[in-house]
Amino acid sequence: MNLEHYIDGAHVPSVSGQTFSSLEPATNRPALTVASGDAEDVGLAVRAALKAFTDGPWPRMAGEQRAAVLRGIAAAIEARDERIAELECGDTGLPITQARGQARRAAHNFRFFADVISSLGEDVYRVGSAQLNYVVRKPGGVAGLITRPGRRWWPIPTCR
């Protein structure tokens, strides 16, 4: 089985064509082949995400609409939490009880940020006696990460 990148709505191999084997923890045998991403792959993904961000509906949606999307993702994760836990257990070797907790945590994280969107409004602050400062919260752009087998996460700066 092959696991490719998901960029611009499609499964694609790495630009370099390089892959690595993901080992099944119980047997230490290859379980699947994974596309090995690098800076070029991240660049493609960031450009696609930036295009989706600028041309898509997200930045123009009301906060409650964005929160509803995040809550929908949380509900979809919860509806599949047992399968997600099984996949995580098979990929990492975690005990199934811990993998179930991680699946539930993923849903919780989406719901948390939906609640943040809903609860944080715009603010006005008086500065001195003649001025007001306004705080307007809106989506800022695209961010990305690269993961490497056996290594730490490599952050990619937010793109604007």
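## Overall layout

The protein chain has 4 helices and 9 strands. The model is a predicted one. Along the sequence, the elements follow the pattern β-β-β-β-β-α-α-α-α-β-β-β-β.

The protein chain has 160 residues, and 20% of them count as buried. Contacts between residues at least 6 apart in sequence were also sorted by separation. Of these contacts, 43% join residues at least 24 apart.

## The open sheet

An open sheet is built from 3 strands, in the order β1-β5-β4. Its pairing is mixed. The edges are taken by β1 (2-3) and β4 (19-24). Each edge strand has a single partner, so one side of each is left without a neighbour in the sheet.

Strand β5 covers residues 29-35. It pairs with β4 in the antiparallel sense, over 6 bridges. Phe20 stands opposite Val34 in β5. Leu23 stands opposite Pro30 in β5.

## The turn between β4 and β5

β4 and β5 also form a hairpin, with 4 residues between them. Asn28 lies in the turn and has a positive phi of about 60°.

Arg29 belongs to strand β5. Its relative accessibility is 58%, so Arg29 counts as exposed. Leaving out residues up to four places away in sequence, Arg29 touches Ser22, Leu23 and Glu24.

## Ile7 in strand β2

Ile7 is part of strand β2, which spans residues 5-7. Is Ile7 buried or exposed? Ile7 is buried, with a relative accessible area of 12%.

Its contacts reach along the chain. Residues up to four places away aside, Ile7 touches Val12, Asp41, Leu44, Ala45 and Ala48. Asp41 is 34 residues from Ile7 along the chain. The C-alpha atoms of Ile7 and Asp41 are separated by 8.6 Å.

## Helices α2 and α4

Helix α2 runs through residues 63-79, and helix α4 through residues 96-119. The two pack at an angle of about 170°, with their axes 8 Å apart. How do α2 and α4 run, roughly parallel or roughly antiparallel? An angle over 145 degrees counts as roughly antiparallel. α2 and α4 are therefore roughly antiparallel to each other.

On the α2 side, the contact is made by Gly63, Glu64, Arg66, Ala67, Leu70, Arg71, Ile73, Ala74, Ala75, Ile77 and Glu78. On the α4 side, it is made by Ala103, Ala106, Ala107, Phe110, Arg111, Phe113, Ala114, Asp115, Ile117 and Ser118. By class, this contact of α2 with α4 has 13 nonpolar, 2 polar and 6 charged residues.

## The aromatic pair

How many aromatic pairs does the structure hold? It holds 1. The partners are Phe112 and Phe113. Their ring centres are 5.0 Å apart, and their planes stand at 85°, so the pair is edge-to-face. The cut-off for that label is an angle over 60 degrees.

Phe112 is partly exposed, with a relative accessible area of 42%. Phe113 also counts as partly exposed, at 49% relative accessibility. Phe113 is one of the α4 residues in the contact with α2.

## Asp81 in helix α3

Asp81 is found in helix α3, which covers residues 81-92. Asp81 is partly exposed, with a relative accessible area of 24%.

Which residues does Asp81 contact, leaving aside its neighbours within four places in sequence? Asp81 is in contact with Ala103 and Arg104. Ala103 also belongs to the α4 side of the contact with α2. Asp81 and Ala99 are 18 residues apart in sequence. In space, they are 9.2 Å apart, C-alpha to C-alpha.

Strand β6 (residues 123-127) and strand β7 (residues 131-135) run antiparallel. They are joined by 5 bridges. Asp123 stands opposite Val135 in β7.

β6 and β7 form a hairpin with 3 residues between them. Gly128 is in the turn, with a positive phi of about 65°.

Terms used: Residues are numbered from 1 along each chain as its sequence is written. This is a predicted model: local features need pLDDT of at least 70, side-chain atom pairs count only at pLDDT 80 or more; totals for chains, interfaces and linings use all residues. Side-chain values use heavy atoms; hydrogens and water are left out. Rings of Phe, Tyr and Trp (its six-membered ring) pair if their centres lie within 6.5 Å; planes under 30 degrees apart count as stacked, over 60 as edge-to-face and the rest as tilted. Buried means under 20% relative accessible area, exposed over 50%, partly exposed in between (1.4 Å probe, protein chains only). Contact means heavy atoms within 4.5 Å. Two strands pair if DSSP finds at least two bridges between them. Axes are lines fitted to C-alpha atoms, for helices over the stretch in contact, and angles run from 0 to 180 degrees between N-to-C directions. Angles under 35 degrees count as roughly parallel, over 145 as roughly antiparallel, 65 to 115 as roughly perpendicular and the rest as oblique. Ala, Val, Leu, Ile, Met, Phe, Trp, Tyr, Cys and Pro count as nonpolar, Asp, Glu, Lys and Arg as charged, and the others, Gly among them, as polar.
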